[in-house]
Amino acid sequence: MRKILVLTFGFVMMAGMAFADMMVAPNALPPKITQFINANFAGAQIMYAEQDFDSFEVKLNTGVELDFYANGDWKEVKTYQNFPTQILPAAVAQAVKNAHPQAFIVKAEKTWNGYEIKTSNMMEIYVTPNGQIMGQKFDD
């Protein structure tokens with residue numbers, strides 16, 4: 001019984017280590033990620049990069065936080081200013097601007113059916129890829 005317990009514990013520990021976050025050197029990131037950063041955040045430097053078993057997390061010296069899928073496609077972008085709206089479909093960016101003209105986007109996340117957008121006025125807006133607003137709520 002003791003051997004089974006020890007073997008099980010060892011397997012669980014090894015599995016946990018296999019899925020642990022690992023630091024990644026900026027020059028070791030997939031080219032698709034570095035191209036995205038260079039195209040949308042010109043002049044920003046990568047301060048921190050981490051790889052999980054299915055994703056990458058990157059933080060820039062400007063305070064921008066980026067999450068990417070393993071294939072290099074972005075899944076979430078958080079900024080505090082100067083959100084690169086060109087990463088969104090034009091219809092999505094326009095729908096958010098029309099719904100909240102006084103606010104700016106601070107976070108965008110891809111979802112299974114569109115985008116979850118958070119604005120500077122603390123609204124979460126759920127938008128389809130073609131720009132239809134499916135719902136919104138105040139997020140304090």
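Two strands count as paired if DSSP finds at least two bridges between them. Strands themselves (E, at least two residues) and helices (H or I, at least four) are DSSP runs, numbered from the N terminus. With that in hand, look at β4 and β5: they form a hairpin with four residues between them, and G72 in the turn has a positive phi of about 100 degrees. The two strands pair in the antiparallel sense over four bridges, and across this pairing E65 stands opposite K78 in β5.

A word on what you're looking at. This is a predicted model, in which local features need pLDDT of at least 70 and side-chain atom pairs count only at pLDDT 80 or more, while totals for chains, interfaces and linings use all residues. Residues are numbered from 1 along each chain as its sequence is written, and side-chain values use heavy atoms, leaving out hydrogens and water.

Now zoom out. The protein has three helices and nine strands, and from the N terminus on they come in the order α-β-α-β-β-β-β-α-β-β-β-β. The nine strands make up an open sheet with antiparallel pairing, in the order β1-β2-β3-β4-β5-β6-β7-β8-β9. β1 (22–23) and β9 stand at the edges with a single partner strand each, so one side of each has no neighbour in the sheet. Further in, β5 also pairs with β6, in the antiparallel sense and over three bridges. There, E76 stands opposite E109 in β6, and V77 has A108 in β6 as its bridge partner.

Next, the helices. Start with α2 (residues 31–40): which of its residues are buried? They are I33, F36, I37 and N40, where buried means under 20% relative accessible area, exposed means over 50% and partly exposed lies in between (1.4 Å probe, protein chains only). These four cover an arc of only 95 degrees around the axis, which puts them on the same side of α2; the arc is that of the directions from the helix axis to the C-beta atoms. There's a handy rule behind this kind of pattern: an α-helix has 3.6 residues a turn, so residues three or four places apart point the same way. The face of α2 turned away from the buried side carries the exposed residues P31, Q35, N38 and A39. And what covers the buried residues? The cover of α2 includes β2 (46–51), β3 (55–60), β4 (65–69) and β5, judged by contact, meaning heavy atoms within 4.5 Å.

Helix α3 (residues 90–99) can be read in a similar way. Its buried residues include V92, A93, A95 and V96. They cover an arc of only 160 degrees around the axis, which puts them on the same side of α3. On the face turned away from that buried side you'll find the exposed residues A90, K97 and N98. The buried residues of α3 are covered by elements including β6 (105–111), β7, β8 (123–127) and β9 (133–138).

What about the inside? In soluble globular proteins, nonpolar side chains tend to be buried together. Here the largest nonpolar core has 30 residues, and V58, L60, L66, F68, W74, L88 and I117 touch the most other members. Such a core is a set of buried Ala, Val, Leu, Ile, Met, Phe, Trp, Tyr and Cys residues joined through side-chain atoms within 4.5 Å. Take L88: leaving out residues up to four places away in sequence, L88 touches W74, F83, I105, A108, Y115 and I117.

Two of those neighbours are worth a second look. Rings of Phe, Tyr and Trp (its six-membered ring) pair if their centres lie within 6.5 Å, and planes under 30 degrees apart count as stacked, over 60 as edge-to-face and the rest as tilted. By this rule there are three aromatic pairs. W74 and Y115 form a stacked one, 6.3 Å centre to centre with 25 degrees between the planes. That pair links distant parts of the chain, with W74 in strand β5 (residues 74–78) and Y115 in strand β7 (residues 114–119), 41 residues apart. Both W74 and Y115 are buried. Elsewhere, ring pairs link F36, F41 and F68 into a cluster.

Finally, visit a loop. T128 is found between β8 and β9. Is T128 buried or exposed? T128 counts as buried, because its relative accessibility is 13%. Not counting residues up to four places away in sequence, T128 touches V92, N113, G114 and M134.
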